[in-house]
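Dear colleague,

I am handing over the structure we spoke about, and I would be glad if you could look through it with the notes below at hand.

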Amino acid sequence: MNTSVKNIVTAVSASAALMASGSALAEIKIGIAGPMTGPVAQYGDMQFSGARMAIEQINADGGVMGEKLEAVEVDDVCDPKQAVTVANRLVNEGVQFVVGHLCSSSTQPASDIYEDEGILMITPASTSPEITSRGYELVFRTIGLDSMQGPVAGEYLASLNPDRVAVIHDKQQYGEGIATAVKETLEEKGVEVPMFDGITAGDKDFSSLVTKLKQADVDYVYYGGYHPELGLILRQARQANLDATFMGPEGVGNKDINSIAGEAAEGLLVTLPPAFDEKEANQELVKAFEEKGEDPSGPFVLTSYAAVQLIAEGIEKAESTDPFDVAAALREGSFETPIGTVEYDSKGDMESFEFVVYEWHSDGSKTPVN
Amino acid sequence: MLDAYFLQQLINGLTIGSAYALIAIGYTMVYGIIGMINFAHGEIYMIGAYTALIAITGLAALGVAFLPIVLLVALICAVIVSSSAGWAVERIAYRPVRGRHRLIPLISAIGMSIFLQNYVHLAQGSRNMGFPLLIEGGFRFGAEGDFQTSISYIQITIFITTLICMAGLSWFIAKSRTGRACRAVSQDLGMSSLLGIDTNRIIAATFVIGAALAAVAGLLLGMYYGSIDPLFGFIAGLKAFTAAVLGGIGSIPGAMLGGLILGVSESMTSGYLSGEYKDVVSFGLLILILLFKPTGLLGKPEVEKI
């Protein structure tokens with residue numbers, strides 16, 4: 001598990017030393033597709049900063065097979081229509097490897113294009129199971145699935161012995177998928193779910209929903225979706241004196257929820273990938289981020305770093321920049337990355353990925369609860 | 001079904017409805033005078049909310065914490081900036097093309113709306129910005145343990161401010177000289193101009209008044225919801241426009257009534273059916289009204305002018 005970074009450092013620098021400096025013949029373009037603007041741009045920041053750092057470090061160590069990596073960054077605004085447009089742009093630019101996209105609803109339509117065009121894609125953030133369930137050869141991820149995260153959340157809630165739990169979602173692929181998984185887990189465990197309801201993403205007024213939650217007399221509310229809506233629900237729930245604990249997936253766990261919900265964010269439960277930045281082996285990398293003035297603690301920073309690293313190591317292992325060869329190499333190999341040892345199954349999902357329950361605080365910090 | 005739950009949903013609906021009504025005034029006044037829809041109005045409301053937030057943040061940085069002062073300054077800033085934006089919309093997107101084909105100002109207003117949206121996007125960033133919680137707390141009714149109906153102070157503020165604005169506007173239209181001129185222009189633009197009314201000034205004034213009320217709504221709803229983003233004017237504008245049409249476009253009491261009906265129907269739908277059907281019901285209502293009473297609830301049928 002240790003010295004995952006050193007691994008590439010040594011591997012890559014050894015080959016680089018042999019090939020001597022200035023031998024970068026052509027550049028390998030890595031497309032980075034995610035939201036730079038729009039309501040979930042803060043997740044995009046995590047993705048871009050992680051991927052950039054990986055590209056920078058790999059290049060500093062001589063690149064991949066003597067070639068430098070070049071980032072081609074595009075903004076999909078987390079909008080499925082925009083995702084298709086930028087995917088086509090990457091195709092036109094001759095990109096063969098993509099780190100992205102972020103939102104499942106963007107990743108899915110974009111992955112159709114990549115698969116058709118023979119481009120390898122690793123999403124560092126999309127958790128919808130659907131994405132890897134279509135028999136695609138070139139689609140991978142460095143994150144777990146809703147079908148893993150939902151049960152973790154559901155089992156945790158069930159372990160608290162609640163009387164009644166409401167499950168709310170934003171009707172989007174990510175939110176509804178995860179909410180459904182939570183509901184099924186809760187019902188299996190015999191917890192009553194009196195309310196399973198959708199809201200409209202982008203809505204601002206949740207007073208009716210909060211009133212309904214109050215009427216339903218629930219102890220816990222699970223919300224499947226992103227922070228802009230949950231932040232408002234928390235705030236409006238607090239104003240209406242709703243006495244229930246909220247829980248959400250990693251889509252709500254970032255510091256922006258604090259600026260919206262303020263004090264009301266205290267005590268929110270969130271399932272997140274484990275804090276990779278706190279792992280012993282990653283301290284050197286964490287320092288590199290801090291020297292650049294960037295925050296490595298977001299859930300998608302190191303998954304994006306790992307995605308770039310996997311592409312680089314896949315190319316070296318396959319000794320080819322052909323995406324199909326690289327995909328085959330990724331499926332065969334076992335890779336040491338900042339997010340742990342990565343091994344892929346035939347669908348392109350990681351063999352194992354762990355989610356942890358955190359308690360969120362109103363100052364934007366979090367503490368693990370189990 | 002007059003229980004606490006119903007009452008709570010009614011309060012929620014009336015709050016949001018009265019804010020819709022404030023925005024709807026802008027649509028209905030402009031339509032009443034020049035017979036056109038100001039599609040940039042939702043953005044004026046959004047700009048009002050942003051200005052208020054900037055003012056509140058600025059005052060907090062200066063150490064001013066006395067609530068009435070903060071609210072008053074935020075309100076004045078929002079009204080001034082929004083009114084200027086409203087005036088500019090009229091000057092840039094309407095006046096140069098007035099008297100041409102009706103589609104031309106419609107398109108130029110949509111252009112204005114896209115411009116303003118993207119301008120705020122660039123200037124303020126596209127992220128949701130949290131609005132500080134200024135007015136906290138509220139009244140609670142009902143026994144402890146039961147379902148308690150609550151009215152928060154901010155809901156009361158929204159309701160009362162709307163009433164004051166509406167009363168002020170009605171008085172202004174009915175009694176003041178400019179108000180009289182407004183009514184004259186809305187009846188016959190050409191004739192009023194012949195009788196010595198400065199119609200350009202009156203038309204600009206309606207845009208400004210509508211924008212000022214939208215700015216009030218921007219401040220109130222920003223505080224009530226808790227966050228704003230550059231796109232939130234669009235859907236609010238659409239809802240307010242629906243309210244204006246529902247009540248009878250061109251009629252000021254109609255805008256009030258339309259806003260309240262829309263707000264209550266939305267909160268009842270989320271409360272008794274599901275939040276997913278909220279927009280279905282409110283826009284379905286619009287279609288029904290347009291089918292069976294095309295002039296809206298309080299609108300007067302347009303008399304063909306000869």
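This is a predicted model: local features need pLDDT of at least 70, side-chain atom pairs count only at pLDDT 80 or more; totals for chains, interfaces and linings use all residues.

The secondary structure of chain A consists of twelve helices and 14 strands. With a radius of gyration of 21 Å, close to the 21 Å that the globule rule gives for 370 residues, chain A is as compact as a globular protein of that length. Along the principal axes, its C-alpha atoms fill a box of roughly 70 × 40 × 35 Å, and 61% of the 370 residues of chain A count as buried.

Turning to the aromatic side chains, the count over all chains comes to 13 aromatic pairs. One of them joins A:Phe140 and A:Tyr344 in an edge-to-face arrangement, with 4.9 Å from centre to centre and 70° between the planes. This pair links distant parts of the chain, since A:Phe140 belongs to strand β5 (residues 139–141) of chain A while A:Tyr344 lies in the loop between β12 (340–343) and β13 (356–360), 204 residues apart. A:Phe140 is buried, its relative accessible area being 0%, and A:Tyr344, at 4%, is buried as well.

In chain B, B:Phe39 and B:Phe241 form an aromatic pair that is tilted, with 6.1 Å from centre to centre and 50° between the planes. Here too the pair links distant parts of the chain: B:Phe39 sits in the loop between α1 (4–34) and α2 (41–62) of chain B, and B:Phe241 in helix α9 (residues 232–247), 202 residues apart. B:Phe39 counts as partly exposed because its relative accessibility is 31%, and B:Phe241 counts as partly exposed at 21%, given that this class begins where the buried one, under 20%, ends.

B:Phe39 also takes part in a nonpolar patch on the surface, which it forms with B:Leu103, B:Ile107, B:Ile110 and B:Ile114, and which has about 440 Å² of accessible area together. Of these residues, B:Ile114 is found in helix α4 (residues 103–124) of chain B and, at 46% relative accessibility, counts as partly exposed.

Back in chain A, A:Phe276, A:Phe353 and A:Phe355 form one aromatic cluster. Two lysines there are also placed over rings: A:Lys183 lies over the face of A:Phe196, at 5.0 Å from the ring centre, and A:Lys366 lies over the face of A:Tyr358, at 5.6 Å from the ring centre.

Technical notes
Residues are numbered from 1 along each chain as its sequence is written. Chains are lettered from A and ligands numbered from 1 in the order in which they are written. Side-chain values use heavy atoms; hydrogens and water are left out. Patches are made of residues with over 30% relative accessible area and no salt bridge: like charges are joined within 9 Å, nonpolar side chains (Val, Leu, Ile, Met, Phe, Trp, Tyr) within 5 Å. Accessible areas come from the Shrake-Rupley method with a 1.4 Å probe; for residues, only the protein chains shown count as cover. A salt bridge is a side-chain nitrogen of Lys or Arg within 4 Å of a carboxyl oxygen of Asp or Glu. Helices (H or I, at least four residues) and strands (E, at least two) are DSSP runs, numbered from the N terminus. Buried means under 20% relative accessible area, exposed over 50%, partly exposed in between (1.4 Å probe, protein chains only). Rings of Phe, Tyr and Trp (its six-membered ring) pair if their centres lie within 6.5 Å; planes under 30 degrees apart count as stacked, over 60 as edge-to-face and the rest as tilted. A charge sits over a ring if NZ of Lys or CZ of Arg is within 6 Å of the ring centre and within 35 degrees of the ring normal. The radius of gyration is taken over C-alpha atoms; the globule rule is 2.2 Å times the number of residues to the power 0.38.
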